[in-house]
Amino acid sequence: MTDSAPTQSLQVQAFDHITLVVKDLEASRKFYVDFLGMDHVPRPAFSFEGHWYQIGNQQIHLILEHDQSGAAGQADVEPNTRTHHFAFQVKDSKQAYEQALQQGIPIVSPPKSRPDGAIQTFVNDPDGHIIELCSLG
C-alpha cells in the first residue's frame, strides 16, 4: 500500500439553497410565504415548474413533482424530531407554535427546550417535510 499525498478540502464558502419536491406549489407558497414570511423571488426558466423563496442570503427551491423528479415530501418518514429535517431561526418559537395552531399547520412537536437553552418547535409543511422553528429562548 502506498501513501498518497493529503488532499486539500474544498472549503465550502456558504450554504446556498435547499431543494424540495412538492405536490402543490400554491399550498407550499402559503406555508413558506404566508406562514413563514419568506420572499417569493424570480427563478430561471427551467423546463419544469417551481418556486424560489429567499431567506436572508439563502434560498429554498421548490420543484413541482413530475415524471423526472423525485417524490414529493417525506411520506415514508414517521414525523418526529429525530429524523430528516431543517431548521429556521425565528424570534419566538412559542409564538410560532401558537401561529401554527391558529393557521392549521400540522405540529410534529410543541415547544421544548434544547440542552443549550434554545426553544424548538417542529411543524410539517404541506408535503410533510419536517421543519424546526427555533429561538434563543
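User: Leaving aside neighbours within four places in sequence, which residues is His51 in contact with?
Analyst: The structure is a predicted model, in which local features need pLDDT of at least 70, side-chain atom pairs count only at pLDDT 80 or more, and totals for chains, interfaces and linings use all residues. Residues are numbered from 1 along each chain as its sequence is written, and side-chain values use heavy atoms, with hydrogens and water left out. Contact means heavy atoms within 4.5 Å. With neighbours within four places in sequence set aside, the residues in contact with His51 are Leu25, Arg29, His40, Arg43, Ile60, His61 and Leu62.

User: Is His51 buried or exposed?
Analyst: His51 belongs to strand β3, residues 50-55; strands (E, at least two residues) and helices (H or I, at least four) are DSSP runs, numbered from the N terminus. Buried means under 20% relative accessible area, exposed over 50%, and partly exposed in between, with a 1.4 Å probe and protein chains only. Because the relative accessible area of His51 is 15%, His51 is buried.

User: Which side chain does a polar contact of 2.8 Å join to that of His51?
Analyst: A polar contact is a pair of N or O atoms within 3.5 Å; within protein, one must be able to donate a hydrogen and the other to accept it, and residues adjacent in sequence count only if both atoms are side-chain atoms. At 2.8 Å, the side chain of His51 is joined in this way to that of Tyr53.

User: Which residue caps the N-terminal end of α1?
Analyst: The backbone nitrogen of Glu26 lies 3.0 Å from a side-chain oxygen of the capping residue. After α1 comes Gly37, with a positive phi near 80°. The residue that caps the N-terminal end of α1 is Asp24.

User: What is the relative accessibility of Tyr32?
Analyst: Tyr32 is placed in helix α1, where the buried residues also include Leu25, Ser28, Arg29, Phe31 and Phe35. Apart from neighbours within four places in sequence, the contacts of Tyr32 include Leu20, Tyr53, Phe86, Asp125 and Ile131. Tyr32 counts as buried because its relative accessibility is 0%.

User: Why are Glu26 and Arg29 separated by about one helical turn?
Analyst: The side chains of Glu26 and Arg29 meet in a salt bridge of 2.9 Å, N to O; a salt bridge is a side-chain nitrogen of Lys or Arg within 4 Å of a carboxyl oxygen of Asp or Glu. An α-helix has 3.6 residues a turn, so residues three or four places apart point the same way. The separation is about one helical turn because Glu26 and Arg29, in helix α1, are apart by 3 residues.

User: How many residues apart are Glu65 and Lys23?
Analyst: A salt bridge of 3.0 Å, N to O, brings together the side chains of Glu65 and Lys23. Glu65 is partly exposed at 31%, whereas Lys23 is exposed at 55%. Glu65 lies in the loop between β4 (58-64) and β5 (86-89), and Lys23 in the loop between β1 and α1, so that this pair links distant parts of the chain, apart by 42 residues.

User: In which element does Glu132 lie?
Analyst: Glu132 and Arg114 meet through their side chains in a salt bridge of 3.6 Å, N to O. The pair ties together parts 18 residues apart in sequence, because Arg114 is in the loop between β6 (107-113) and β7 (119-124), while Glu132 lies in strand β8.

User: What share of the area buried between domain 1 and domain 2 do carbon and sulfur atoms give?
Analyst: The protein is divided into domain 1 (15-73) and domain 2 (83-136), with bounds from an automatic or database domain assignment. Buried area is the accessible area (1.4 Å probe) that two parts lose on being put together, summed over both. Between domain 1 and domain 2 this area is about 1,200 Å², and the share given by carbon and sulfur atoms is 77%.

User: Which residues of domain 1 lose the most area to domain 2?
Analyst: In contact across the interface are 16 residues of domain 1 and 15 residues of domain 2. Together, 47% of what the domain 1 side buries comes from the residues that lose the most area, namely Phe31, Phe35 and Gly73.

User: How many salt bridges cross the interface of domain 1 and domain 2?
Analyst: The whole structure holds 5 salt bridges. Residue pairs in polar contact between domain 1 and domain 2, both at pLDDT 80 or more, number 2. For salt bridges across the interface of domain 1 and domain 2, the count is 0.
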